[in-house]
Amino acid sequence: MFRVWARTFKNNRMLRSTTVELDIDDTRTHKVFKALEMVCEEFDLSNPIWLDTNIQEFQRIARTRFRADSFVESIEFDYLDFYVIEEDS
């Protein structure tokens, strides 16, 4: 099982939260992209752009924050927190 927890925050308050579970046989990268796509669909957002800082942070700690500069459209929150909470063993 591959699980991701995503939350949006504004002024240090959580606005929305969701958990995405994937039980597919695919690479970790494809699972991450699929989970992010599912989160954005649920939150009615465009998919964010992975900036170098997001990639480096995610590679180090399996967690990143997408801020306004990662989105093409304007957003109603300060950042989207994207966090892997369980990976296949």
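Leu80 touches Ala6, Arg7, Thr8, Leu36, Val39, Phe43, Thr64, Arg65, Phe66 and Phe71, leaving aside residues up to four places away in sequence. Contact here means heavy atoms within 4.5 Å. The model is a predicted one, in which local features need pLDDT of at least 70, side-chain atom pairs count only at pLDDT 80 or more, and totals for chains, interfaces and linings use all residues. Residues are numbered from 1 along each chain as its sequence is written, and side-chain values use heavy atoms, with hydrogens and water left out.

Buried means under 20% relative accessible area, exposed means over 50%, and partly exposed lies in between (1.4 Å probe, protein chains only). Helices (H or I, at least four residues) and strands (E, at least two) are DSSP runs, numbered from the N terminus. In soluble globular proteins, nonpolar side chains tend to be buried together.

Asp81 counts as buried because its relative accessible area is 1%. Leaving aside residues up to four places away in sequence, Asp81 touches Trp5, Ala6, Arg7, Phe9, Arg63, Thr64 and Arg65. Two of its polar contacts involve arginine side chains. The side chain of Asp81 meets that of Arg7 at 2.6 Å. The side chain of Arg63 is joined to that of Asp81 by a polar contact of 2.8 Å. A polar contact is a pair of N or O atoms within 3.5 Å; within protein, one must be able to donate a hydrogen and the other to accept it, and residues adjacent in sequence count only if both atoms are side-chain atoms.

Arg7, Arg63, Arg65 and Asp81 are linked in a network of salt bridges. A salt bridge is a side-chain nitrogen of Lys or Arg within 4 Å of a carboxyl oxygen of Asp or Glu. The charged end of Arg7 lies over the ring of Trp5, 4.1 Å from its centre. The charged end of Arg63 lies over the ring of Tyr83, 4.6 Å from its centre. A charge sits over a ring if NZ of Lys or CZ of Arg is within 6 Å of the ring centre and within 35 degrees of the ring normal.

The structure holds seven salt bridges. One of them joins the side chains of Arg3 and Glu21 (3.7 Å, N to O). Arg3 lies in strand β1 and Glu21 in strand β2 (residues 13-22), so this pair ties together parts that are 18 residues apart in sequence. Arg3 is partly exposed, with a relative accessible area of 25%. Glu21 is partly exposed as well, at 47%. Arg3 also meets Glu86 in a salt bridge (2.9 Å, N to O). Glu86 lies in strand β4 and Arg3 in strand β1, so the pair ties together parts that are 83 residues apart in sequence. The relative accessible area of Glu86 is 32%, so Glu86 is partly exposed. Another salt bridge joins Lys34 and Glu37 (3.8 Å, N to O). Both residues lie in helix α1, three residues apart, about one turn of the helix.

Eight aromatic pairs are found in the whole structure. Phe9 and Tyr79 form a stacked pair, 5.2 Å centre to centre, with 20° between the planes. Rings of Phe, Tyr and Trp (its six-membered ring) pair if their centres lie within 6.5 Å; planes under 30 degrees apart count as stacked, over 60 as edge-to-face and the rest as tilted. Phe9 lies in strand β1 (residues 2-10) and Tyr79 in strand β4, so the pair ties together parts that are 70 residues apart in sequence. Phe9 and Tyr79 are both buried. Phe33 and Trp50 form an edge-to-face pair, 5.9 Å centre to centre, with 75° between the planes. Phe33, Trp50, Phe58, Phe66 and Phe82 form one aromatic cluster.
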